[in-house]
Amino acid sequence: MNTEKDFSPLTPNIVRALNDKLYEKRKVAALEIEKLVREFVAQNNSAQIRHVIQILATEFALSQHPHSRKGGLIGLAACSIALGKDSGLYLKELIDPVLTCFNDSDSRLRYYACEALYNIVKVARGAVLPHFNVLFDGLSKLAADPDPNVKSGSELLDRLLKDIVTESNKFDLVAFVPLLRERIYSNNQYARQFIISWIHVLESVPDINLLDYLPEFLDGLFQILGDSSKEIRRMCEVVLGEFLKEIKKNPSSVKFAEMANILVIHCQVSDESKSTNDLIQLTSMTWMREFIQLAGRVVLPYSSGILTAVLPCLSYDDRKKSTKEAASACNHSLMKLVTPEDDEDDEESLTKTSPPSEETLKKEGDLNDSLNESQESVGFSNISFFTPASSDRSAVTLDLDGIVQVLDRHLHDSSTGMMTRIAVLKWLYHLYIKTPRKMFKHTDSLFPMLLKTLSDESDEVILKDLEVLAEIASSPAGQTDTSGLCDSMDNKTELHIPGSKMTDLSPSTPSMNSYFYKFMINLLKRFSLERKLLEVRGAFIIRQLCLLLHAENIFHSMADILLKEEDLKFASTMVQTLNSILLTSAELFQLRNQLKDLRTQESCALFCCLYRSWCHNPVATVSLCFLTQNYQHAYDLIQKFGDLEVTVDFLMEVDKLVQLIESPIFTYLRLQLLDVEHNPYLIKALYGLLMLLPQSQAFQLLSHRLSCVPNPELMRTVEVPKAPVKDKRLAQPHIDYSELLQHFDRVQSKHLEVRHQRAGRSEHPDRKLML
């Protein structure tokens, strides 16, 4: 530095000492500067004060010579000390050159800059707050300084600045938040630690409402929560915990909507899952749980995103038990927010709607009870919701299209866990109960996947899937124009069984909504294409449907559809399955009683409908006659068995029928054997079955039963003569049994023709010669 240059009012001795390499000499110069500035203060000579500061800044602190820079820094600190409370008038001139030295390559110089700024801030106290952003920016850089001495000095300055902010009520939070939002994304651990410590301090100051600006930096906090440093993660957890406590205390002032998507993003873990990612997910899921419970319907527009994050977590194992429980609570709370109001159109939402039907209220009540039980099972009960004002409530719109899209995507994804699939199906059922009109707009797109889900490995998944399908099939909202439905079904191959058309259905088929028939046709189509599904789960699926829907409707519609089935082998197998369910399942008890006494027009119509389809399987037809006590007709059918092709499968079915006759289902039939005079055709029919059987265990069983039939002479009583009993058929509404026999013959002729065609195709050309 040119020492001959005029630096007045600084004396040559002061200038020389400021440039000296020895700290002690620079310190002496600083004391001289302090004395000089005090004199200017006493004279109220602000011009000279500014001149001294300018010389120290430009000629020394910003000099190219390192010792001059050190001298300038200590000189600026001396000016601040001399100015005392008046230093606030010159803070910009004092602070800017010091902050510039924070970027110096010399660690010693950075340390002196830190020391100088400490002295400036200590004197100015609250007056430095208007310059807080530049101070914070400079400190954030020093927090990551590699030199331990510089870092130690910056920590002292940091604590001083925090004390000043805590004591003051003039902190400009609005100006600070943009800087905080920028700096919070630093990847440096020390910078992150510095940021977290400041957020913690600001959050603890009563006069600073940092919660209002939480959406600005919440994402950054969750980023820091994934830091590799355990200490930084702990600090971040504490800060997030404090914010969550504050949110619970003052939910009405929280900007839930602005933070919902941030939580959704962090609730989803990337593929390369680490323990830190698990912590982020657990914390964000916990926040999401609280948000849903506190904000209520405010979060509904974000429900599709929330479900995207929550649903996969429901299939976690015990290693992530806490996250799974939080996700389950989120799921149940969100589900409760969907109400029948969400099924209204925008225009209707402003007017009073008609009261729901009793059946709808019952379903909603059962659904709410199950939701409450599920919520209590995961330990989240007595939830209080923050309810927005009524005017705000009407403005909240359920993102139904988005929700359905998310649910459908999870159903299609083969990697989706079992508990997630169950939750998806519960959601669909819930939506069909609460918002049936809007949901039926999505039914055509959901229907194929719901049918495919019947092939799921889990019984519980299938049960929930059947509940959804049953609700679709029975809901009044699903009633559409039948002709339009027929056209659409004819155009879609997956909804059509060859030879079956909606317009061909029997007029006696019980009336349900349009999707009921669609469901029955597609279910049989699926059984036809997936024989293993029919063998393993067919009976289970049909029994559950009989519980969820009316058993008579199920059997009536399936019989109508099978009557026109072109695949006769499948029709025979399906009839055999339905017959076994009808005769053995507890769920069909009422239907069996209805068929046992054909005394009403409805029961006769049902019998005739079943009979026509049961003709695809001769043994099943006989068993149906036994069930309905049409013993003469059963005998007539057995007489025709001599014209049929008796195969091993046929004999096995007769064997099973004999076993059924010995079961509790046919107790009444066995007791009727005591009344020989009035049940001659029953005995003839049983003897007919006996003659069909080879010498097997079933033959011995039936033969032994028939040997127990008493002599009619011994059964007569003299004391109380019996009144003549009319033929059972006379008490029934009219059934044309001769026409039924003719129908049986026609069906069996078709079966025989198909078997001959198959035999002809599979027979070896030289087979006759070989035989």
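How many residues does helix α25 have, and how far does helix α25 reach from its first C-alpha to its last? Sixteen is the count to remember: α25 runs over residues 514-529 and has 16 residues. Its reach is 23 Å, close to the 22 Å expected at 1.5 Å a residue. One caution before going on. This is a predicted model.

Stay with α25. Is it mostly covered or mostly open? Mostly covered: 14 of its 16 residues are buried. One of its packing partners is α22. The two helices pack at an angle of about 35°, and their axes lie 11 Å apart. The crossing of α22 past α25 is right-handed. Who makes the contact? From α22, we have T443, D444, F447, L451 and K452. From α25, they meet Y515, K518, F519, N522, L523 and R526. Look at the spacing in those lists. An α-helix has 3.6 residues a turn, so residues three or four places apart point the same way.

Now follow the chain out of α22. A loop joins α22 (443-452) to α23 (459-474), and S458 sits in that loop. S458 has 11% relative accessibility, so it counts as buried; the cut-off is under 20%. Its side chain reaches the backbone nitrogen of E460 at 3.2 Å. Leave out residues up to four places away in sequence, and S458 touches M418 and R537.

Next, the core. The largest nonpolar core holds 243 residues. Which members touch the most other members? They are L10, L221, W287, F555 and F626. Helix α20, residues 418-434, gives the most to this core, with 10 residues.

Take L221 from that list. Setting aside neighbours within four places in sequence, L221 contacts I184, I196, I199, L214, C236, V239, L240 and F243.

L221 is also one of the buried residues of α11. Besides L221, the buried residues of α11 include F217, L218, D219 and F222. What do the buried residues of α11 pack against? Five helices: α9 (173-183), α10 (189-204), α12 (230-249), α13 (256-266) and α14 (275-295).

Let's look at α14. It packs with α11 at an angle of about 145°, and the axes are 9 Å apart. The crossing of α11 past α14 is right-handed. On the α11 side, L214, L218, F222 and L225 make the contact. On the α14 side, it is L279, I280, T283, S284 and W287. W287 is also among the core residues that touch the most other members.

D137 is in helix α7, residues 132-142. Why does D137 count as buried? Because its relative accessibility is 18%, and buried means under 20%. Beyond its neighbours within four places in sequence, D137 contacts L179 and R183.

Last one, A620. Its helix is α31, residues 618-627. A620 counts as buried, at 4% relative accessibility. Not counting residues up to four places away, A620 touches V575, N579 and W614. A620 and E653 are 33 residues apart in sequence, and their C-alpha atoms are 8.2 Å apart in space.

Notes
Residues numbered from 1 in each chain as written. Predicted model: local features only at pLDDT ≥ 70, side-chain atom pairs only at ≥ 80, totals over all residues. Heavy atoms only, no water. Helix = DSSP H or I, 4+ residues; strand = E, 2+ residues; numbered from the N terminus. Buried < 20%, exposed > 50% of the residue type's maximum accessible area, 1.4 Å probe, protein only. Polar contact = N/O pair within 3.5 Å; in protein donor to acceptor, adjacent residues only side chain to side chain. Contact = heavy atoms within 4.5 Å. Core = buried A, V, L, I, M, F, W, Y, C linked by side-chain atoms within 4.5 Å. Expected span 1.5 Å × (residues − 1). Axes fitted to C-alpha atoms, helices over the stretch in contact; angles between N-to-C directions. Left-handed = near helix turned anticlockwise from the far one by under 90°.
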